[in-house]
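Good morning. Please look at the sequence and the model on the screen, and I will walk through a few parts of it.

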Amino acid sequence: MVRMHPRDFSIAVAGAAVFALCTVASSFAVGWVIDEVILPRFEEGEVAIGTFLTGVGLIVGIGVLRAMSIVVRRGFASITMWKVAQSFTGQVVDRYVRQPLSWHHRRADGDLVARAGVDAEAAVSVLAPIPFASSTVMMIVASTIWMLVIDVPLGLVAVVVFPLLVGTNVVYERAVSAHFSRAQHQLGEFSAGVHESFEGVQLVKSYGAEERETERLAGLADRVRGSRVTAIRMRSWFEALLDVIPSLTNIGLVVIGAMRVQSGDVSVGEFSSVIFLFTLLVFPLRLIGYALSELPRSIAAWERIQAVVVDPIEPDPARAIEPAPEGVGIALDRVTFVHEGEGPPTLHDIDLTLPTGRVTALVGPTGSGKSTMALLVAGLLAPNSGVVQLATGTRSVVFQEAFLFSGTVRENLSVGGRFSDDELWDALRMAAATEFVERLPLGLDTVVGERGVSLSGGQRQRLALARALARHPAVLVLDDTTSALDPATESTVLEHLRTGLSDASVLMVASRPSTIALADDVVFVVGGRVAAHGSHDTLMATTPPYRELVEAFESDRSAGVGSVSYTHLTLPTIQL
């Protein structure tokens with residue numbers, strides 16, 4: 001971490017070194033003032049003005065220099081800490097941006113957020129006390145030498161006590177590290193749980209599951225608290241030892257020092273200097289303990305950050321896409337895809353060629369691989385084998401769950417690009433969204449709220465579609481994008497796509513008969529394979545499983561939930 005910003009950290013350590021030397025020098029000054037100013041004033045009734053001013057100069061000068069060193073040490077230690085935290089956050093976020101969708105699918109969103117925020121702050125918490133702790137080591141060495149110079153018996157006390165205090169710190173750090181590491185990992189799990197609960201707040205409210213979620217999150221929080229409480233209990237014993245050892249040492253120093261003063265081996269000033277110096281060192285010695293107590297938590301957080309930062313960048317699925325031949329919009333050549341950790345392939349040996357300028361509906365029962373095929377064409381997943389070919393140009397994808405940012409309509413349409421108002425309004429017209437956007441208070445500059453909360457589901461879908469259309473894509477993938485639109489609006493949208501994107505290929509996952517009937521052709525997918533490909537009317541007449549599925553779709557929307565048995569394709573009962 002220090003190597004990230006060595007200059008600022010070096011300045012902090014230099015300030016701490018000046019502080020250490022001033023601390024030792026202050027004990028010398030106190031001893032000198034006692035022997036040369038205070039005692040002569042009591043014993044002789046007077047003291048030379050020059051001696052008095054020298055004593056004042058020593059005390060004030062060392063005090064001012066010590067104060068300035070504190071400002072430098074603390075200021076640059078904090079600067080280093082937060083610069084490193086910023087660097088860590090930047091590294092983690094950069095890794096998130098560069099990793100493909102498949103990498104994110106294998107990880108909890110809340111845990112990823114924790115690594116970029118909570119873990120970054122925890123990892124750098126050890127940096128702030130390190131300059132002070134390093135100056136404490138310098139003070140220990142200088143103080144031991146100074147005490148031995150003053151008096152060997154008094155110096156031997158320091159030789160024994162200082163290693164004892166440092167050893168206590170080391171033993172504590174080793175004992176508590178496992179608890180802090182466990183707590184940091186549990187904090188990531190808790191953050192993931194909270195994020196998941198907030199994401200599903202509508203579901204929680206709809207099903208009255210508030211108590212269930214409270215209990216679930218409370219359980220996760222209890223695990224974090226348990227590990228933290230255990231670590232804090234150990235820390236309380238540790239801090240008690242740090243208080244007891246110096247206090248007992250001071251008592252011993254007073255006893256030994258009094259004997260040495262009585263025997264005339266040391267002066268009152270020298271004895272006072274030793275006591276004063278040891279008193280000054282008690283708090284800095286605690287800083288070594290503070291630095292070591294922060295170390296386990298910082299290491300645990302640092303390891304969680306490194307797990308993301310050093311994780312190799314997985315290949316961008318979009319780079320695996322090859323240009324399609326002239327006149328072909330989408331082509332899949334023996335494409336197979338297997339989700340990581342799952343058994344049989346989701347898609348198996350898919351061969352499909354779609355010409356440019358066509359609207360193709362992707363139809364199939366639940367779990368047949370429709371959405372996976374759409375993600376492959378969109379360049380968000382890469383096939384395990386086979387080749388995906390697309391027409392040269394921009395690819396755009398619109399998901400069923402339309403995601404909108406909390407900004408304005410304009411910002412949501414322009415995300416990732418720059419477009420004129422005419423281009424945005426043209427995209428809105430094609431998505432049949434012009435009328436409702438014109439009715440908004442500020443038109444394109446109306447704030448839609450978090451996730452577009454102020455808009456209906458159909459309005460959000462049309463804005464998401466307009467966002468894709470503004471880019472004039474050569475390939476447009478729609479994953480059940482028009483599911484929230486009424487049939488008339490849906491028909492208008494698809495007609496606009498035909499006229500406005502006459503040279504583009506549109507692949508749409510569809511589950512409504514009205515949507516399927518509006519497509520130029522249909523790809524029927526069952527069990528990860530293309531079972532049939534042709535026009536809707538042709539498949540209705542020649543492919544019984546397709547006809548049964550479409551009729552089930554119609555029945556599902558008019559009479560409720562039903563089931564269909566695909567005996568022709570030896571499939572299990574599919575709940576629709």
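In which helix is the place of Ser69? Ser69 is in helix H2; helices (H or I, at least four residues) and strands (E, at least two) are DSSP runs, numbered from the N terminus. Before I go on: this is a predicted model, where local features need pLDDT of at least 70 and side-chain atom pairs count only at pLDDT 80 or more, while totals for chains, interfaces and linings use all residues. Residues are numbered from 1 along each chain as its sequence is written, and side-chain values use heavy atoms, with hydrogens and water left out.

Back to Ser69. With a relative accessible area of 4%, Ser69 is buried (buried means under 20% relative accessible area, exposed over 50%, partly exposed in between, with a 1.4 Å probe and protein chains only). Apart from neighbours within four places in sequence, Ser69 is in contact with Gly15, Val18 and Phe19, contact meaning heavy atoms within 4.5 Å.

Helix H2 spans residues 49-98 and gives the most to a nonpolar patch, with nine residues. Phe52 is found in this helix, and it counts as partly exposed because its relative accessibility is 40%.

Next, helix H6. This helix covers residues 129-150, and its 22 residues reach 30 Å from first C-alpha to last, close to the 32 Å expected at 1.5 Å a residue; the expected span is 1.5 Å times one less than the number of residues. Among the buried residues of H6 are Pro129, Phe132, Met139 and Ile150.

Now the strands. An open sheet of four strands has the order S1-S5-S2-S3, with mixed pairing; two strands pair if DSSP finds at least two bridges between them. S1 (322-323) and S3 (347-355) stand at the edges with a single partner strand each, so one side of each has no neighbour in the sheet. S2 (residues 328-337) runs antiparallel to S3, and six bridges join them. In one of these, Val328 has Pro355 in S3 as its bridge partner.

Finally, strand S4. How many of the five residues of S4 are buried? Five of the five, residues 359-363, are buried, so S4 is largely enclosed by the rest of the structure. Val359, Ala361 and Val363 lie on one side, with Thr360 and Leu362 on the other. S4 pairs in the parallel sense with S8 (residues 505-509) over four bridges, and Ala361 stands opposite Met508 there. Four bridges also join S4 to S9 (residues 521-526), again parallel, where Leu362 has Val523 as its bridge partner.
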